[in-house]
Every structure is written in structure tokens, then in C-alpha cells.
Amino acid sequence: MAPPLSGREGHATLVSSIANLCNTIVGAGILGLPFAFMSCGMSLGLTLIFGCAGACCLSLHLLSTSAKTAGVWPSSFYTVAIAAIPTWTFLIDLAVAVKCFGVATSYLIVSGDMMPNVMAFIGAPHAWQDRDLWVSISVAVAGPLACFAKLDALRHTSLLSILCVVYLAGLALAVAIAPDALACERDQPRDECRGPVEGGPSPETLRILSIFIFGFTCQQNIFAVVNELARPSARRVGLVIAASVGISLALYLVVAVGGFLVYGNRVHKDVLINFPEDSAAFTLARVGISLVVIFSYPLQAHPSRRCALTLLRATELLVMGRTPGALELHREMSGPILKSQGVVPDNAWEPHEAAPREIGPVRLPTDPQFVPAPAEEGELSLHEISISAAAPPLPTMRGDTSDAPAAAVEAVISGDHGGQGPTRAAAGAPAPAAVPAADLTGLRDALADYTPRYWIYTAGFVACSWAIALAVDDLGKVMAVVGATGSTAVSYILPGAIYCKLHPSPHLLRSAAMVMLGVGVVIVPLALYAIFFGG
């Protein structure tokens with residue numbers, strides 16, 4: 001029998017998965033949306049925000065579909081990228097790790113800048129109005145949360161974050177309904193805090209494009225969400241994606257449209273600056289946004305750590321001369337080889353309606369699931385077989401192969417490999433390389449939770465982000481460049497490129513992926529030009 005595979009199936013509920021993905025989407029970027037609308041006008045602003053929301057849904061779908069096509073479980077940016085574009089795998093992991101680190105650092109800066117104003121409002125002693133103190137307090141709260149290995153462990157803080165944003169959206173809606181009573185401070189003239197509602201496309205539009213893109217950047221966590229989701233069928237994953245993006249879009253629209261209509265051309269890059277400072281309700285909103293960014297910090301630490309650890313392990317294998325990498329070999333030894341031996345039908349991973357069918361003792365699902373449903377007692381699920389196949393090679397098939405599928409499966413289950421290396425069923429097809437068991441064991445050890453390297457990277461992530469947040473109070477163009485390049489790459493370029501490589505046959509979704517790839521390639525130089533030469 002195959003060894004037990006503890007933890008191979010997720011246990012996160014739909015609510016937990018939606019909360020974590022939604023919290024990854026919604027962050028401090030919501031505060032800049034009213035200014036973005038003012039910079040490009042209402043019509044273009046609505047077009048961009050709906051367009052970016054739709055692109056987010058599409059990119060998440062492309063990545064989740066590519067994950068099941070790659071056939072490696074649990075999936076990550078690295079495992080999917082090495083199946084599609086192995087040449088760029090190192091760069092992809094590095095980009096995701098650095099981008100997430102930069103975003104997490106910016107969250108500490110936002111919290112450190114916001115809480116001293118709250119303390120001043122409530123009349124706290126001057127010592128409690130120190131920015132460095134609140135950066136350190138933020139780290140003291142966010143640091144332990146960053147240590148969790150599973151996103152599902154953050155479901156309660158994610159739900160609290162969403163409630164905080166809902167509260168902010170409620171205030172923005174109340175201000176839009178009764179602007180004369182709520183928009184300005186008590187003794188402040190109307191024309192000092194509110195301006196005419198005007199705006200349209202301008203040279204500033206290119207610069208604020210990254211605000212819309214950054215507002216829907218969550219692709220780095222879709223793999224963890226799918227890995228941890230219980231019964232991750234295509235329908236359930238689609239529901240998580242649609243609900244998360246839909247909730248985020250609704251909150252964005254309320255704050256963006258409400259803030260722009262109320263404050264017009266006087267809206268600041270941070271709409272909280274426009275809100276009255278002498279109001280307890282808006283002071284509570286500032287506290288809420290501080291909690292949002294603190295609770296979003298571990299959602300950036302998680303993908304950064306996983307990318308960094310896979311990058312480290314891949315580098316070790318490269319140094320040892322074991323190329324192209326154990327993850328690619330793992331993929332070759334699991335899904336593709338089983339398919340080639342006739343154990344898995346070519347369309348087993350494609351969504352279509354049909355009842356499960358059985359081949360020998362193995363139940364093969366044709367339901368569109370990433371991880372097959374648990375097998376009945378005495379059966380092995382397809383997932384167990386694919387993982388088991390990663391270690392030993394399958395037997396060579398010679399002569400009559402009419403019973404080849406059952407024989408291949410039985411060989412995997414029993415461990416009888418007949419001393420033969422793996423070959424493909426098709427005549428003349430090249431045999432994939434054999435995988436040394438030590439390589440895969442080392443990979444699993446390298447990516448295991450709560451190992452020494454796990455703790456070392458987590459501690460380094462927290463310490464470095466803390467030090468940078470204390471040293472600077474505005475990342476300025478650095479974060480703008482990270483957003484223009486990293487966010488665009490993660491949101492548009494990588495999903496499109498990965499899907500196109502893994503699905504070479506022409507079809508509608510592939511055409512959409514190619515468009516997304518092209519849009520991303522165009523956006524990066526335009527956004528960089530606007531940042532450095534747009535004034």
C-alpha cells in the first residue's frame with residue numbers, strides 16, 4: 001500500500017477561503033481610489049475598476065486551471081511555472097517574494113503613520129503619539145500571525161479586516177448621502193474641504209493606472225487558497241473567486257465613487273485625510289484601517305516565504321547539479337506519466353459533466369475537481385496514486401498492453417517495479433528521467449512547515465520589514481515601481497503566459513489569456529514611463 005499522506009486534502013471552508021482571498025485583495029489601496037477617480041474622471045474610473053475586477057477573475061481562473069493541468073499537488077507559483085516556463089521560474093519566485101515583502105513593509109508604514117493621529121485625537125500622552133512606537137506595536141501583532149503556515153488559520157483576522165472595510169464603506173456612503181452634515185469638520189467652511197466634481201483623462205491617468213491594478217492583486221495567494229479548500233472542485237473554486245472579487249469590487253465602488261462625489265477635485269491621495277479629524281466615527285475608521293493593514297501583513301508573508309523556500313531548494317539542487325529541478329521531475333513522475341500509461345484519461349482534468357468511472361481498484365473522477373473526492377474504503381484516490389508515483393518509477397510496458405492501466409496502478413500500489421525504468425505507452429515516445437527519491441524527500445523537507453529554514457525566513461522577513469518601516473516613512477517611487485512591475489506581472493503577464501504554455505491548443509480561454517499577457521506587457525513600460533517622466 002502507498003504510505004499515508006496526511007494533510008493532502010484541504011479543510012478550509014468556503015467562508016474561510018473567501019475571507020482570506022478578499023482580505024488579500026482589499027488593503028490600504030482602497031484609500032487611494034477616490035483620488036484615482038478624480039484623476040481620470042467618473043466614466044473612465046468606472047471602466048478601469050470594472051475592467052480590473054474582470055481581469056482579476058480571469059487571471060485567478062487561469063492560474064487555478066493551470067494548477068490542475070500541471071498535475072502537482074500542492075500547487076504554487078513555482079510548481080506551475082516550472083511546468084510551463086521553467087526558464088523563468090527563478091525570476092518568477094524572486095519577483096513574487098520581493099513584491100510581497102515590499103507590500104508588507106508598506107503596511108507597517110501605513111499603520112505607523114495613522115495611529116499617532118488617532119492618539120492625538122483621543123488626547124493620549126505625547127509618548128503614545130510616536131510613529132516608531134506604533135510601527136513596533138504593529139510588528140508585535142502582525143509578526144506572530146505571519147508564523148502560521150496555513151491561510152485558514154487567519155480566517156478570523158481576515159473576517160475582522162473585512163468588517164473594518166465594510167465600516168469604512170458605510171461611513172463613505174453616509175457622507176455621500178448627507179455631505180453637508182458629515183463631510184467637513186464642524187467649523188470648517190464647505191469650500192475648504194469640498195470641491196467641484198470634475199475630472200477626466202489626463203497625463204496623470206497613466207500614473208494612477210497602477211492603483212487600479214494593485215487594488216486587485218491577490219494572485220499570489222490563489223494557490224494556497226485552492227490547496228487548503230475542502231473539496232476544491234471547479235465550481236467551489238469559481239465560487240471563491242467570484243465572491244471574493246465581487247465583495248471587494250462592491251466595497252471599492254462605495255468608497256471610490258462616494259469619496260469622489262463628495263470631495264471632488266479636493267480629494268487627497270489618502271481619502272482619510274479628507275474625512276473630519278474631530279469625529280469619533282472617522283477616528284474609529286482610522287483604527288480599523290490600521291487593523292486591516294496589520295492583518296493583511298501575514299497574507300503577504302505567506303506567499304513570500306513559500307516562494308523564497310522553493311527558490312532556496314531549487315538553488316541547492318542546481319548547485320548539486322540536479323537540473324532542471326525536482327519539482328519538474330515530480331510533475332513528470334505524477335500526472336503526465338500516469339496519463340501516458342493510460343491510467344488517467346487525457347481529459348480527466350477538463351471540466352465536463354460525467355459520473356466517475358473505475359479502472360481496477362482506482363476511482364478516476366471526471367468531475368472537474370483539482371483533488372479527487374476521498375476514495376471508498378480499500379480504494380486509493382487518484383491523488384494518492386499520483387503522489388506515490390513520484391517516488392518509484394513505473395514498470396516498462398512490453399508486448400500486450402491491454403491490461404496496462406491496471407498493471408501500472410497495481411505496480412505503484414504494491415511497489416513492484418520489476419527493475420524496469422519508466423517508459424511511455426506510445427511507441428517511440430521518450431522516457432522521462434528517473435527521479436532519485438532523495439531529491440523529492442529533500443524538496444518535501446525544504447517546504448515542510450515549521451522547519452528551521454521556515455523559522456529563519458519568517459524571522460528575517462519580519463525583522464527586515466520592521467527595520468525598513470522604522471527607517472523610512474514613505475517608500476515613494478520604490479513602491480510605485482514594485483506596483484507597476486510586480487503587480488502587473490503577477491496579475492496579467494504570468495497568468496496569461498502560464499496558461500498559454502500549458503494549453504497550446506487554440507480555444508477561447510487561451511485567446512483571452514493571450515490578450516491578458518499582451519495587456520500586461522504594454523502596461524509595464526507605460527506605467528514606468530509615467531512614474532519617472534510623468535512629472
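How far is the sulfur of C57 from the closest cysteine sulfur, and which residue holds that one? The closest is in C56, 5.9 Å away, which is too far for a bond, given that a disulfide is a pair of cysteine sulfur atoms within 2.5 Å.

A quick word on ground rules: this is a predicted model, where local features need pLDDT of at least 70, side-chain atom pairs count only at pLDDT 80 or more, and totals for chains, interfaces and linings use all residues. Residues are numbered from 1 along each chain as its sequence is written, and side-chain values use heavy atoms, leaving out hydrogens and water.

**Cysteines**

The structure has 1 disulfide, and it links C184 with C193 at an S to S distance of 1.6 Å.

| Cysteine | Relative accessible area | Class |
|---|---|---|
| C184 | 16% | buried |
| C193 | 6% | buried |
| C164 | 13% | buried |
| C57 | 26% | partly exposed |

**Helix α5**

Over in helix α5, residues 89–121, you'll find V98; helices are DSSP runs of H or I with at least four residues, numbered from the N terminus. V98 counts as partly exposed because its relative accessibility is 47%. After α5 comes G123, with a positive phi near 75°.

Terms used:
Helices (H or I, at least four residues) and strands (E, at least two) are DSSP runs, numbered from the N terminus. Buried means under 20% relative accessible area, exposed over 50%, partly exposed in between (1.4 Å probe, protein chains only).
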